[in-house]
Amino acid sequence: MPFKRYVEIGRVALVNYGKDYGRLVVIVDVIDQNRALVDSPDMVRGQMNFKRLSLTDIKIDIKRVPNKKTLIAAMEAADVKGKWEKSSWGRKLIVQKRRAALNDFDRFKLMLAKIKKAGVVRQELAKLKKEIAV
Amino acid sequence: MAPKQRTRNPELIPGVRKVSRSAMYHKRGLWAIKAKNGGKFPHHEKAVAAAPVAEKPPKFYPADDIKKPLSNTRKAKPTKLRASITPGTVLIILSGRFKGKRVVFLKQLSSGLLLVTGPYKINGVPLRRVNQAYVIGTSTKVDLSGVNVEKFDDKYFAKQVEKKKEKTEAGFFKGQEEEKNSLPTEKKDDQKTVDAALLKTLETVPELKAYLGARFSLKAGMKPHELVF
């Protein structure tokens with residue numbers, strides 16, 4: 001039951017509410033019990049309530065409130081983007097985004113592909129069943 | 001825009017202008033125009049109007065004055081076409097006999113209605129007019145370069161006026177039997193030519209023919225306001 005993801009300087013978090021919904025940010029300082037100073041390569045550094053942040057497993061090595069250049073360099077060194085896109089959480093979000101952007105024609109093609117795949121699976125299953133029966 | 005013209009006689013307060021009548025005469029140079037014209041103002045002779053044709057007094061005057069309606073010179077503009085609908089777009093028809101069908105948009109007619117075709121072989125929708133309001137424009141586009149739709153306009157789709165038939169009893173029943181109108185072969189040929197050119201381009205895109213042949217329907221979990229068409 002112990003906590004594994006701590007609020008600390010360098011912790012990467014996902015914004016889950018508000019204008020920056022879906023953005024990956026780094027905690028660069030803690031303001032008080034409820035708020036953190038938060039920064040990201042494509043955003044102006046600002047405060048955010050912890051309730052708006054979902055902590056991730058990723059942590060980078062920075063000092064308190066680095067300047068933008070240092071922050072970006074540290075994020076590159078730790079390969080935050082790569083780690084995030086490989087993690088199952090990150091992959092899920094990417095898939096969700098792709099599904100939401102599907103065209104009507106794309107959805108049709110997807111349906112045909114699903115039916116085809118199910119057909120192939122069912123054929124293999126039938127073969128296996130026959131082997132057991134014999 | 002041209003800069004605001006300088007007024008020769010500004011209004012100081014409402015009703016009071018700066019320059020007097022005689023001073024304005026001098027400012028406008030009317031004295032110079034007069035001098036140039038030998039002491040008088042230049043004067044055009046009025047064009048002689050043709051003498052009005054003598055009209056006969058009407059034989060009948062109505063008992064009360066009939067009011068003439070005001071003249072209306074307003075000309076209706078053709079309906080503005082939604083930005084998402086361009087020639088070659090696949091549309092989803094939302095109501096009527098062909099609701100749910102995915103069709104190809106050809107062009108907007110002068111009445112504002114959209115000219116659309118199935119193609120007929122694929123989904124049974126002929127060359128038809130459809131109102132923009134009952135249509136969803138998808139983002140799927142088809143290339144219309146080989147298709148010629150110049151000859152189609154609203155007159156093409158007008159109802160055929162039939163000659164008046166005799167009203168004999170025998171003819172009455174016979175007339176009812178022959179009510180079924182079949183499409184003139186000319187229209188069937190038009191459909192074939194338009195569709196032939198269109199089918200060639202449709203075949204180049206995989207699964208597009210099957211897509212046009214299937215009807216659209218909302219399934220569980222689909223939220224129209226979140227769907228990207």
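How much area do chain B and chain A bury between them? The figure is about 990 Å², and 57% of it lies on carbon and sulfur atoms. Buried area here is the accessible area (1.4 Å probe) that two parts lose on being put together, summed over both. The size of an interface is often given in this way, as the accessible area lost when the parts come together. On the chain B side, E207(B), Y211(B) and V228(B) supply 48% of the area that chain B buries against chain A, more than any other three residues.

Before going further, a word on the ground rules: this is a predicted model, in which local features need pLDDT of at least 70 and side-chain atom pairs count only at pLDDT 80 or more, while totals for chains, interfaces and linings use all residues. Residues are numbered from 1 along each chain as its sequence is written, chains are lettered from A and ligands numbered from 1 in the order in which they are written, and side-chain values use heavy atoms, with hydrogens and water left out.

Back at the interface, chain B brings 17 residues to the contact and chain A brings ten, contact meaning heavy atoms within 4.5 Å. One salt bridge links chain B and chain A; the term stands for a side-chain nitrogen of Lys or Arg within 4 Å of a carboxyl oxygen of Asp or Glu. Its partners are D104(A) and R102(B), with the closest N and O atoms 3.1 Å apart. The side of chain B that touches chain A is made up of twelve nonpolar, three polar and two charged residues. For these classes, Ala, Val, Leu, Ile, Met, Phe, Trp, Tyr, Cys and Pro count as nonpolar, Asp, Glu, Lys and Arg as charged, and the others, Gly among them, as polar.

D104(A) also has a partner within its own chain: its side chain meets that of R107(A) in a salt bridge (3.6 Å, N to O). Why are the two about one helical turn apart? Because D104(A) and R107(A) sit three residues apart in helix α4 (residues 104-133) of chain A. Helices are DSSP runs (H or I, at least four residues), numbered from the N terminus. Over all chains, the structure holds 16 salt bridges.

Now for the pocket. By class, the lining of the largest pocket has eleven nonpolar, four polar and ten charged residues. Its largest share, seven residues, comes from α5(B).
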